[in-house]
Amino acid sequence: LSDRLTLTFKNLKRKGTVTESDVNATIRDIRIALLDADVALPVVKQFTGSVRERALGAEVHQALNPAQQVVKIVNEELVGILGGQTRRLQLAKNPPTVIMLAGLQGSGKTTFAGKLAHLLKGQGHTPMLVAADLQRPNAVTQLEVVGERAGVPVFAPERGNVFGHDAALESGEGTRSFGDPVDVAVDGVEEARRRGNDILIIDTAGRLAVDVELMRQAHDIRVETDADEVLFVIDAMIGQAAVETAKAFADGVGITGSVLTKLDGDARGGAALSVASVTGRPIMYASTGEGVKDVELFHPDRMASRILDMGDVLTLIEQAEQAFDQVQAREMTRKFLADEDFTFDDFLEQMAAIKRMGSLKQMLGMMPGMQGMRAQLDALDEREFDRVEAMVRSMTPFERNHPKQINGSRRARIARGSGVSPSEVNQLLERFGEAQKMMRQLKKGGGIPGMPGMPG
Ligand code: GDP
Ligand code: MG
């Protein structure tokens with residue numbers, strides 16, 4: 001995914017303007033890239049649809065730099081679908097807050113139960129785990145181990161009664177069965193209330209594939225415990241199946257959010273996009289390993305970056321937001337440190353950067369040390385830039401690097417070549433000399449180079 005997008009954005013970056021066919025070509029690339037990453041088709045359609053609509057809208061035409069605008073739109077749409085701002089857990093007014101985990105077998109529910117308990121304990125809560133997965137023989141034991149690692153209590157059905165209704169009946173427990181996950185969950189809530197645990201995390205059973213029985217059971221647990229949060233736990237490596245699975249749990253159980261696990265593997269961003277888009281619920285946590293501490297709040301913006309996965313693009317986004325060419329600035333800074341004088345070639349480069357940025361005044365207003373020149377800038381006719389550029393382009397490489405050597409006959413030639421009067425060339429050279437001086441001073445003061453040699 002990222003390689004393709006990098007290419008797409010590189011191509012865009014090189015161009016000064018984006019036409020409708022540019023946008024369409026970009027959309028095509030993004031579409032293929034997302035499909036490659038196992039994002040489901042309807043999600044891809046929705047995504048590319050919004051990007052195209054926005055990219056072809058007024059935003060781009062008024063943009064400082066169309067390429068940056070498209071990048072910005074792609075990023076914003078990604079973040080938007082991934083859930084916007086990170087959402088926090090909804091805590092019940094009346095403890096315990098009941099958090100139920102649901103998902104396929106092997107998705108990481110039990111592991112995550114421990115992580116979440118550990119996380120919440122660290123925040124001063126007193127969580128308790130409930131073993132409502134009675135499907136697999138060792139599921140309860142596994143949760144007990146997890147609970148011990150997290151340092152939290154585990155509510156589990158009594159050992160002898162774990163594996164089924166009959167055993168429970170024979171043990172003389174009446175109609176109440178310790179083998180029924182719904183009952184265990186409900187008992188867990190009572191137990192937490194009695195003991196004063198403010199948060200209850202219910203681990204449930206999963207199957208290898210979605211089935212009716214599983215959904216009914218999970219649904220009943222949610223309803224009977226009146227769960228405050230139902231977190232759908234899904235393996236980030238699941239690929240295309242993410243859509244079907246997420247939809248089944250969202251419809252069949254009812255969920256309030258999702259947890260993406262195994263993000264430490266080379267999982268692609270595709271599942272995140274599909275799950276968030278299909279469920280319409282935020283992804284709240286990211287699980288990144290087998291250890292009890294390998295968990296973090298899910299940050300949509302970071303996941304978007306992971307999907308885009310490029311310093312390049314992120315830099316572009318920043319630039320679009322700040323209207324400042326940082327690469328250029330770094331290069332200039334390097335030059336200054338290298339004790340080289342500012343040349344007309346540097347000047348041309350800066351002019352090109354400004355053109356890419358579009359709005360000169362806005363950009364200069366943001367550059368350190370340039371605020372003092374604001375009044376001058378406000379009076380500036382941007383068309384004069386073209387004249388200045390024409391003059392510089394009429395200079396030979398030698399002249400650009402040695403402005404002081406530009407004598408009278410050279411000045412006359414430059415004036416002829418660029419279609420301006422000799423006095424305009426004189427003015428430019430005079431200002432350029434002042435700019436060089438200013439740059440040297442800035443350097444001494446350690447400041448960031450501004451935009452010297454400005455006409456006006
Ligand atoms: P459950 O069936 O949904 O309860 O899944 P488990 O919690 O038992 O996890 C299934 C397997 O995935 C176990 O081997 C876990 O150690 C592993 N696992 C769970 N979460 C992660 C994760 O974030 N990263 C990695 N690498 N492995 C995980
Ligand atoms: Mg489990």
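Five bridges join β5 to strand β6 (residues 257-261), and the two run parallel. Helices (H or I, at least four residues) and strands (E, at least two) are DSSP runs, numbered from the N terminus. Two strands pair if DSSP finds at least two bridges between them. The model is predicted: local features need pLDDT of at least 70, side-chain atom pairs count only at pLDDT 80 or more, and totals for chains, interfaces and linings use all residues. Residues are numbered from 1 along each chain as its sequence is written, while chains are lettered from A and ligands numbered from 1 in the order in which they are written.

Strands of a sheet pair through backbone hydrogen bonds, either parallel or antiparallel.

Burial was assigned by counting neighbours. A residue is buried if 20 or more other C-beta atoms lie within 10 Å of its own, exposed if 12 or fewer, and partly exposed in between, with C-beta atoms placed from the backbone. Seven of the seven residues of β5 are buried, so the strand is largely enclosed by the rest of the structure. E229, L231, V233 and D235 point one way from β5. V230, F232 and I234 point the other way.

The strands belong to an open sheet of eight, in the order β3-β2-β4-β1-β5-β6-β7-β8, with mixed pairing. β3 (154-155) and β8 (295-297) stand at the edges with a single partner strand each, so one side of each has no neighbour in the sheet. Elsewhere in the sheet, β2 (residues 127-132) and β4 (residues 199-204) run parallel and are joined by six bridges. A131 has D203 in β4 as its bridge partner.

Contact means that the C-beta atoms of two residues, placed from the backbone, lie within 7 Å. Axes are lines fitted to C-alpha atoms, for helices over the stretch in contact, and angles run from 0 to 180 degrees between N-to-C directions. Helix α11 (residues 241-252) lies across β1 and β5 (229-235), at about 160° to β5. Helix α9 (residues 181-195) lies across β1 (97-102), β2, β3 and β4, at about 165° to β2.

Helix α9 has 15 residues and reaches 21 Å from its first C-alpha to its last. This is close to the expected 21 Å, taken as 1.5 Å times one less than the number of residues. Buried residues of α9 include P181, V182, G188 and A192. Their cover includes β1, β2, β3, β4 and α10 (212-225). G196 follows α9 and has a positive phi, near 85°.

T26 lies in helix α2 (residues 20-36). T26 counts as buried because it has 24 C-beta neighbours inside 10 Å. Its C-alpha atom is separated by 9.6 Å from that of T48, 22 residues apart along the chain.

Ligand 1 has 18 residues around it (C-beta atom, placed from the backbone, within 6 Å). G108, K109, T110, T111 and S287 come nearest. Helix α6 (residues 109-122) gives the largest share of this shell, three residues. By class, the shell has no nonpolar, 13 polar and five charged residues. Ala, Val, Leu, Ile, Met, Phe, Trp, Tyr, Cys and Pro count as nonpolar, Asp, Glu, Lys and Arg as charged, and the others, Gly among them, as polar.
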